[in-house]
Amino acid sequence: KNATVSPTPSLPMAAAASALVPLPRCDEEYVKLNVGGHLFTTTVTTLTKEADSMLGSMFSGRMDLKKDHEGWVVIDRDGKWFGLILNFLRDGTCALPAELTARQAILQEAKYYLLDSLVKFVLNYDRDATVDLCTVPVVSTETEQGQLLASSRDGTPVVLLCYKRGNNRFSYTQPSDDAYIRNIELFDRLSYKFHGRVRYARDISGNDGHICTWFFYGNGRLVAEVCCTSIVYAGEKKHTKIEFPEARLYEENMNILLYEKKANGPLPPSVPEPSGEQKGDYLSPRRTSYMC
């Protein structure tokens, strides 16, 4: 009798057959999540990184999961920050937003999911963060003013606005109130814009009789002065007029930056110590007055 002999597979086919290994089922490892309408795909390994968390319990196999008709696991929470939570579970860290309200929302979600490590991460971030506030000191005595101006010797220029509307001996012209307010508003904008580079301060004592005058100091010396008040005549009566020389004020604020100490650099060049009545001022400060 003739025996039936099965054909022997060729060597390349045999090698290919031996190289085939069973592949894991994707639906056993990957999870589709619908968190408040936001869709995510991640792994069971990521979700169970913290076994004691709510996510760890949900995807440990001990709980029945609620799924929609397309097979997405539904979590009834706001999903805005869930992607950040997944990144934290994957890497152990994440980039937190700068806004405090956003970090508070993330903290609330971390507490809901019982993610203790993320709660500590957010709390430590807020504890270690330094808030750089823009503060403008108000001086009211000559001693305080002297201390402030002395601090300009460290390479931080000083801009001092002396204003007191009550120092006027005459009535104001009609546009003066508007110009007075615009001077103060410009001071506020500049103090915010150059915060950290120039030290801005207010003197509202009125001790020197100034109604609205700007002083610019570098290296502890007066560099420039801009007086924004003038006396005008209407018939035989005197009136006080307040000007708003915006271009000149911007120019002097830019010039004072020349006295700023650069990072890791030397102090700006100093000026020889004046003597006599010039003590405390530069030898020739720029003075602008709008007196008529």
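Residues are numbered from 1 along each chain as its sequence is written, and side-chain values use heavy atoms, with hydrogens and water left out. In this predicted model, local features need pLDDT of at least 70 and side-chain atom pairs count only at pLDDT 80 or more, while totals for chains, interfaces and linings use all residues.

Trainee: How many residues of strand 9 are buried?

Mentor: Strands are DSSP runs of E, at least two residues, and helices are runs of H or I, at least four, both numbered from the N terminus. Buried means under 20% relative accessible area with a 1.4 Å probe, protein chains only. Strand 9 covers residues 221-227 and is mostly covered, its buried count being 7 of 7.

Trainee: Which residue in strand 9 stands opposite Phe-216?

Mentor: Two strands pair if DSSP finds at least two bridges between them. Strand 8 (residues 212-218) and strand 9 run antiparallel, joined by 6 bridges. Opposite Phe-216 stands Ala-224.

Trainee: Why is one side of strand 2 and of strand 3 left without a neighbour in the sheet?

Mentor: The open sheet has 3 strands in the order 2-1-3, with mixed pairing. Strand 2 (38-43) and strand 3 (73-75) stand at the edges, so one side of each has no neighbour, as each has a single partner strand.

Trainee: Which residue is the bridge partner of Leu-33 in strand 3?

Mentor: Strand 1 (residues 30-35) pairs with strand 3 in the parallel sense, over 3 bridges. In strand 3, the partner of Leu-33 is Val-73.

Methods:
Buried means under 20% relative accessible area, exposed over 50%, partly exposed in between (1.4 Å probe, protein chains only).
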